Amino acid sequence: MWMIVLSGLFSCTKSTTGSEGSVSFVISSDQYLADITKSNVSDYTTLPGSDDFVLTINNSAGNAVWRGKASEWDPATKLMVGEYRVTASYGNIEDEGFNKPCFEGTKTFTIKNKETSQVTVSASLANTVIKIACTDNLKNYYKDYTFKLARNNADIVTFAKGESRAAFIDGYKVTVNGTFVTESGAEKTFSKDYTGLAAATAYNMVFDVAGVGNGAITISFNNNVETIELGDVELND
């Protein structure tokens, strides 16, 4: 875990009573992923630097009084006494694919007159992580294969043969499409929908052949194994 301490004062409407205070922030990244391997986000992508986070400070009315990168934060201004909410964010949940993590954390705090408040914000992964792997049996059975993650008939990311990276997606809804090419050049396809995949969670999807000649595959996903029938497969012309 890494963290950055931001100390200073933020600007907003000047107080007529002189009741102002300052604030310092500690922004930390929660790298833990909920999966059976107890992995971390850093196992799947390069983590953002501390200064890459964007800070947004809203007052009690919900109005933004300051927004910018942590590296652009101005230490020479003040906040009026009152209740606030700070959000630390990196990336965009709608920007999906390889090496596209999205972190976000929110914390409420109080500015007190002539005091410096210290606020700790823990930013956790907002994406779902999906990694696709194939067994040696499947690799020997099909000469080529491709997987695509899609939503609403639009491709999100493609896993070509041999792809070892993990994709960062919005897990509320995703379709997994697969294409397998036999030695004779015939193509077999499948499509499977998943919904409600959890944020800050890594899912490993493993494909295997269910039996020689029948073309069925097995999908191991989230501790469940499912068999998908692809139809008869001829291994040779």
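Predicted model: local features only at pLDDT ≥ 70, side-chain atom pairs only at ≥ 80, totals over all residues.

Colleague: In what sense do β17 and β18 pair, and over how many bridges?

Modeller: The pairing of β17 with β18 is antiparallel and extends over 5 bridges. Within it, T218 stands opposite T227 in β18.

Colleague: Is strand β17 mostly covered or mostly uncovered?

Modeller: Strand β17, residues 217–221, is mostly covered, with 4 of its 5 residues buried. A residue is taken as buried when its relative accessible area is under 20%.

Colleague: Which strands make up the sheet of 6 strands, and in what order?

Modeller: The order is β7-β13-β10-β16-β17-β18; this is an open sheet, and its pairing is mixed. The edges are held by β7 (97–98) and β18 (224–228), each of which has a single partner strand, so one side of each is left without a neighbour in the sheet.

Colleague: How should I read the pairings inside that sheet?

Modeller: One takes the sense of each pair, then a pair of facing residues. β16 and β17 run antiparallel and are joined by 4 bridges; here F207 stands opposite I219 in β17. β10 and strand β13 (residues 166–169) also pair in the antiparallel sense, over 4 bridges, and the partner of T128 in β13 is I169.

Colleague: What general idea applies to the side chains along a strand?

Modeller: In a regular strand the side chains alternate between the two faces of the sheet.

Colleague: Which residues does M205 contact, and is M205 buried or exposed?

Modeller: M205 lies in strand β16. Because its relative accessibility is 1%, M205 counts as buried. Leaving aside neighbours within four places in sequence, M205 is in contact with K131, I132, A133, V176, Y194, I219, S220 and F221. M205 and I219 are 14 residues apart in sequence, with their C-alpha atoms 6.7 Å apart.

Colleague: What is the general idea behind a nonpolar core?

Modeller: In soluble globular proteins, nonpolar side chains tend to be buried together. In this model the largest nonpolar core has 29 residues, and L149, F180, F190 and F207 touch the most other members. Strand β16 (residues 201–209) contributes the largest share of this core, 4 residues. Another core, of 27 residues, lies apart from it and includes V23, V86, A123 and A166.

Colleague: Which residues does F207 touch?

Modeller: Not counting residues up to four places away in sequence, F207 touches I132, A133, C134, T135, L138, F147, V176, F180, F190, I217, T218 and I219.

Colleague: F147 is on that list. Which residue stands opposite F147 in β14?

Modeller: G178 of β14 stands opposite F147. Strand β11 (residues 144–151) and strand β14 (residues 173–181) pair in the antiparallel sense over 7 bridges. Both belong to an open sheet of 4 strands, ordered β12-β11-β14-β15, with antiparallel pairing. At its edges stand β12 (154–159) and β15 (187–195), each with a single partner strand, so one side of each lacks a neighbour in the sheet. From one strand to the next, the twist averages 20°.

Colleague: Which residues does N127 touch in all?

Modeller: Setting aside residues up to four places away in sequence, N127 touches I93, K100, P101, C102, F168, I169, A198, A199, A200 and T201.

Colleague: What figures describe the chain as a whole?

Modeller: The secondary structure comes to 1 helix and 18 strands. The chain has 237 residues, of which 45% count as buried. Among contacts with a separation of 6 or more, 60% are between residues 24 or more positions apart. The chain exposes about 11,900 Å², and carbon and sulfur atoms supply 44% of this area.

Note on methods:
Residues numbered from 1 in each chain as written. Heavy atoms only, no water. Core = buried A, V, L, I, M, F, W, Y, C linked by side-chain atoms within 4.5 Å. Buried < 20%, exposed > 50% of the residue type's maximum accessible area, 1.4 Å probe, protein only. Helix = DSSP H or I, 4+ residues; strand = E, 2+ residues; numbered from the N terminus. Contact = heavy atoms within 4.5 Å. Pairing = 2+ DSSP bridges. Areas by Shrake-Rupley, 256 points an atom, 1.4 Å probe, with all protein chains shown as cover. Axes fitted to C-alpha atoms, helices over the stretch in contact; angles between N-to-C directions.
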